[in-house]
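This briefing covers charged side-chain pairs and a nonpolar surface patch. Please look over the sequence and the structure before reading on.

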Amino acid sequence: MTGIKEFCEPWEDVFDASLDEHLAPELDELLSNKRSIYIDAYEFFSRTYLTESILNSLKNIVNVLKGKGGNNTFTIYSLFGGGKTHTLFAIYHAIKNPEILTHEDILGGYDEIKKKEVKQIAEDI
């Protein structure tokens with residue numbers, strides 16, 4: 001039987017025991033330079049899959065800022081481990097560094113439709 005190891009190569013930090021104490025990233029890590037995989041936009045987006053939920057949040061924010069409607073406030077719904085903090089990190093990095101979203105390394109794993117969608121969000125920001 002073919003296993004996941006046949007298709008994927010894990011990041012080196014997956015084996016870093018010092019990261020085991022961290023169940024999830026915390027927002028203060030983003031601003032305090034505590035963990036580089038969260039504070040560097042390129043590193044963050046190269047390790048984060050842009051889900052429809054993240055993209056919809058970004059599109060909503062862009063629409064509100066451009067005066068095209070949308071929700072000025074919205075709730076990010078999910079259970080523990082469902083991506084709320086990653087969504088907030090993605091919003092932060094996308095607004096501060098929208099050009100990162102168009103980097104070929106970041107877009108490499110997405111189909112053409114999603115690539116176009118992500119590039120449009122970056123352009124609109």
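The model shown is predicted. Arg47 and Glu43 sit four residues apart in helix α3 (residues 41-47), which is about one turn of the helix. Their side chains meet in a salt bridge, with 2.6 Å from N to O. The structure holds six salt bridges.

**The pair in helix α3**
- Arg47 is partly exposed, at 28% relative accessibility.
- Glu43 is also partly exposed, at 21% relative accessibility.

**Asp124 and Lys66**
- A salt bridge joins the side chains of Asp124 and Lys66 (3.6 Å, N to O).
- This pair links distant parts of the chain, 58 residues apart: Asp124 is in helix α7, and Lys66 is in the loop between α4 (52-65) and α5 (84-96).
- Asp124 has 27% relative accessibility and counts as partly exposed; Lys66, at 42%, counts as partly exposed too.

**Glu104 and Lys115**
- Glu104 and Lys115 form a salt bridge in which the closest N and O atoms are 3.8 Å apart.
- The two residues are 11 apart and link distant parts of the chain, with Glu104 in helix α6 (residues 104-107) and Lys115 in helix α7.
- Glu104 is partly exposed, with a relative accessible area of 48%, whereas Lys115 is buried, at 12%.
- A network of salt bridges links Glu104, Glu112 and Lys115.

**Nonpolar surface patch**
- Leu65, Ile95 and Ile125 make a nonpolar surface patch of about 270 Å².
- Ile125 lies in the segment after α7 (112-124).
- Ile125 has a relative accessible area of 32% and is therefore partly exposed.

Conventions: Residues are numbered from 1 along each chain as its sequence is written. This is a predicted model: local features need pLDDT of at least 70, side-chain atom pairs count only at pLDDT 80 or more; totals for chains, interfaces and linings use all residues. Side-chain values use heavy atoms; hydrogens and water are left out. Patches are made of residues with over 30% relative accessible area and no salt bridge: like charges are joined within 9 Å, nonpolar side chains (Val, Leu, Ile, Met, Phe, Trp, Tyr) within 5 Å. Accessible areas come from the Shrake-Rupley method with a 1.4 Å probe; for residues, only the protein chains shown count as cover. A salt bridge is a side-chain nitrogen of Lys or Arg within 4 Å of a carboxyl oxygen of Asp or Glu. Buried means under 20% relative accessible area, exposed over 50%, partly exposed in between (1.4 Å probe, protein chains only).
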